[in-house]
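Please walk through this protein model one part at a time, with the picture open beside the text.

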Amino acid sequence: MAASKSVVLAFVEECDPEEELRSCIFPSKVGGCPAWLRLKNLPNRSDILCKTCDKPLIFLLQIYCNIDEVESAFHRTFFLFICANGKCYKRFDNQSFVVFRNQLPRLNEFYSYDAPDYKSKKSPSDPSADKYQPLCSICGCVASLKCQESQEFNYCSENHRDYDKERNFQNGGAKNSKKTKSKREKAKKQFVLPEYELIFETEVLPSTQTEKSDAEKMKEYRQFMQSTKAPNEMQEMPLDDLDSVMKRNDKAFNKFRKRISLEPEQVLRYERGGTPLWVSAEHVPSPKDIPNCICGAKRTFEFQVMPQLLNYLSLDSVQDSVDWGTLAVYTCSKSCDEGVKGYVKEFVWKQDFSDNYQQ
């Protein structure tokens, strides 16, 4: 997907990861392991730790968005990681997220100068990051540890190694390749999210809209609250009480609800240099809240992750759950060459739903 001045929406779609989500296809996707762009000098695992629990973050999504007018950004991908521990999530706090930018010129050491054959099957010549450095057999990130028993598998952390050891090497599992592979796939599901392809389409706004009745608005509102996983007390609230809360809600949320209702399945909105669609008037950043890039250039809005994505992640627990109203990602306005040298961190702003939802 090339950077666009109009709003582009993303939706999840089931696919065959082995054929459609390889690095050489330059995918946009949710879950699974990262399909790294630059295949060496990957982020250190220490840069992908939750600042609250200090455990490895899990890969949420990547989005490919090249910039035609920037030579060094002929290929350009963002990688977003989150913490899977719901206890780490605090209102309006971004300590459980990290996002990286990486980009390459058309002529580079990893990929063909010509466009990839999207219909081709995987072949041994397909470039992959594990040819350049060890990758964790669980999550696909840089590995620094080996399996103590077989020395065959690599891990990014003791957490992943110990879990894999417990699950995969019981009863001589290391000596049985078929059983080991099957058990390893089950183990990965504890640390890797369900995998989907992201597909894109330009947002189309209706030129005219007929005014809806109050009953239609309330029905639409309820459906929206359910789709965004709002608290159960809001979803089950009596009609009169819900109407009262709607009147108290700020204009930002009503704008958000109305806009999203046009395409309720959207999980991401892309508009480089545009403005996020906020879920509330609370905790909206000012320019001083967005730090500059390490190159000194200002960061501008690029894309946001919508709450609807949570429906696909299977991250809920009985007491705590991963949650957000929206995640707004701000990136270097120049898309500087720091992103060519390696994976450079950009900035995530987390906004939660209004306190009105708790009433």
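How many helices and strands are there in the protein chain? The chain has eight helices and 13 strands. Both kinds of element are DSSP runs numbered from the N terminus, a helice being a run of H or I with at least four residues and a strand a run of E with at least two. This is a predicted model, in which local features need pLDDT of at least 70 and side-chain atom pairs count only at pLDDT 80 or more, while totals for chains, interfaces and linings use all residues. Residues are numbered from 1 along each chain as its sequence is written, and side-chain values use heavy atoms, with hydrogens and water left out.

Start with the chain as a whole. Of its 359 residues, 50% count as buried. Buried means under 20% relative accessible area, exposed means over 50%, and partly exposed lies in between, with a 1.4 Å probe and protein chains only. The accessible surface of the chain is about 17900 Å², and carbon and sulfur atoms hold 47% of that. These areas come from the Shrake-Rupley method with a 1.4 Å probe, and for residues only the protein chains shown count as cover. Among the contacts with a separation of 6 or more, 71% are between residues 24 or more positions apart. A contact here means heavy atoms within 4.5 Å.

Next, look at strand β5, residues 97–104. Eight of its eight residues are buried. Both of its faces are covered: Phe97, Val99, Arg101 and Gln103 are buried on one side, and Val98, Phe100, Asn102 and Leu104 are buried on the other. β5 pairs with β4 in the antiparallel sense over eight bridges; two strands count as paired if DSSP finds at least two bridges between them. In this pairing, Thr77 stands opposite Asn102 of β5. β5 also pairs with strand β12 (residues 344–345), again antiparallel, over two bridges. There, Arg101 stands opposite Val344 in β12.

Another group of strands is built around β10, residues 299–305, where six of seven residues are buried. Strand β9 (residues 268–270) runs antiparallel to β10 and is joined to it by three bridges, with Arg269 opposite Gln304 in β10. Strand β11 (residues 326–332) pairs with β10 in the antiparallel sense over six bridges, and Phe303 stands opposite Val329 in β11.

What do these strands supply to the interior? In soluble globular proteins, nonpolar side chains tend to be buried together. A nonpolar core is a set of buried Ala, Val, Leu, Ile, Met, Phe, Trp, Tyr and Cys residues joined through side-chain atoms within 4.5 Å. The largest such core in this model has 67 residues, and Phe81 and Trp324 have the most contacts inside it. β1, β3, β4, β5, β8, β9, β10 and β11 each supply at least two residues of this core. β3 gives the most, with six residues. Beyond residues up to four places away in sequence, Trp324 touches a set of residues including Leu60, Phe97, Val305 and Lys350.

Rings of Phe, Tyr and Trp (its six-membered ring) pair if their centres lie within 6.5 Å; planes under 30 degrees apart count as stacked, over 60 as edge-to-face and the rest as tilted. The ring centres of Trp36 and Phe81 are 6.3 Å apart and their planes are at 25°, so this pair is stacked. Trp36 lies in the loop between β2 and β3 and Phe81 in strand β4, so the pair ties together parts that are 45 residues apart in sequence. Trp36 and Phe81 are both buried. Ring pairs link Trp36, Phe59, Phe79, Phe81, Phe100 and Tyr343 into a cluster.

Is Lys350 buried or exposed? Lys350, in strand β13 (residues 347–351), is buried because its relative accessible area is 2%. The side chain of Lys350 reaches the backbone oxygen of Lys90 at 3.0 Å and makes a polar contact with the side chain of Asp352 at 2.8 Å. A polar contact is a pair of N or O atoms within 3.5 Å; within protein, one must be able to donate a hydrogen and the other to accept it, and residues adjacent in sequence count only if both atoms are side-chain atoms. Lys334, in the loop between β11 and α8, is exposed, with a relative accessible area of 60%.
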